[in-house]
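Work through the exercises below with the sequence and the model side by side, and try each task before reading its solution.

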Amino acid sequence: ANVAATTESEDPQPNASTQTKAVNAARPQSSQLISFDDLNIGMQVDARFRPQMLEYDGGRVKELFGRKIVVAGYMNPTDTLRGVTEFILLRNLECKFGPGGQADHLVHVLMDEGLTTEFTDKVVYVEGVLSLNPFPTDEPVTWSIYDVQATKVSTKAPPRSR
């Protein structure tokens, strides 16, 4: 996977010059720090996802799909401690994945090809592209609705924007 780093000083807004626009277009967008409040669509425990749920709170969650985000949460325990390539990120330690859970209170994290992370019980910050991917699709209850294709997982908080 080709993971490019951006510096905080880079201007995410394209300049009027065509040449600058082409350079900025090739450069990855800076990540937006969000919280699970931004992902809340008012789902109840053990509910089935329906597309109209995305209209909750004016439909603002839809603006995040396809964008680079950073979201903090807790790793659901995994089968392995090292070399983790995917995991469920929980809003808090009381959240459940599966029966008894709220699908908009967690995110299915898939590490970019060639990247892994290690399990930790500390808060982690996941950076990557957010997408809608309800799971499972053939059951009466939806366990998760969001995926993040992750380029970075860290226990260190990202720098705050100015």
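**Exercises on strands, contacts and a core**

Among contacts in the chain (heavy atoms within 4.5 Å) between residues at least 6 apart in sequence, 67% join residues at least 24 apart. This is a predicted model, in which local features need pLDDT of at least 70 and side-chain atom pairs count only at pLDDT 80 or more, while totals for chains, interfaces and linings use all residues. Residues are numbered from 1 along each chain as its sequence is written, and side-chain values use heavy atoms, with hydrogens and water left out.

**Exercise 1.** Find which pattern the chain follows along the sequence.

*Solution.* Begin with the elements, which are DSSP runs numbered from the N terminus (helices: H or I, at least four residues; strands: E, at least two). The chain has two helices and six strands. Reading along the sequence then gives α-β-α-β-β-β-β-β.

**Exercise 2.** Describe how β5 is joined to β6.

*Solution.* Strands pair if DSSP finds at least two bridges between them. Nine bridges join β5 to strand β6 (residues 144-154), and the two run antiparallel. Within this pairing, Leu132 has Tyr146 in β6 as its bridge partner.

**Exercise 3.** Identify which residues touch the most other members of the largest nonpolar core.

*Solution.* Such a core is a set of buried (under 20% relative accessible area, 1.4 Å probe, protein chains only) Ala, Val, Leu, Ile, Met, Phe, Trp, Tyr and Cys residues joined through side-chain atoms within 4.5 Å. Of its 29 residues, the answer is Leu39, Ile41, Leu89 and Val126. The largest share of this core, five residues, comes from β6.

Technical notes. Buried < 20%, exposed > 50% of the residue type's maximum accessible area, 1.4 Å probe, protein only.
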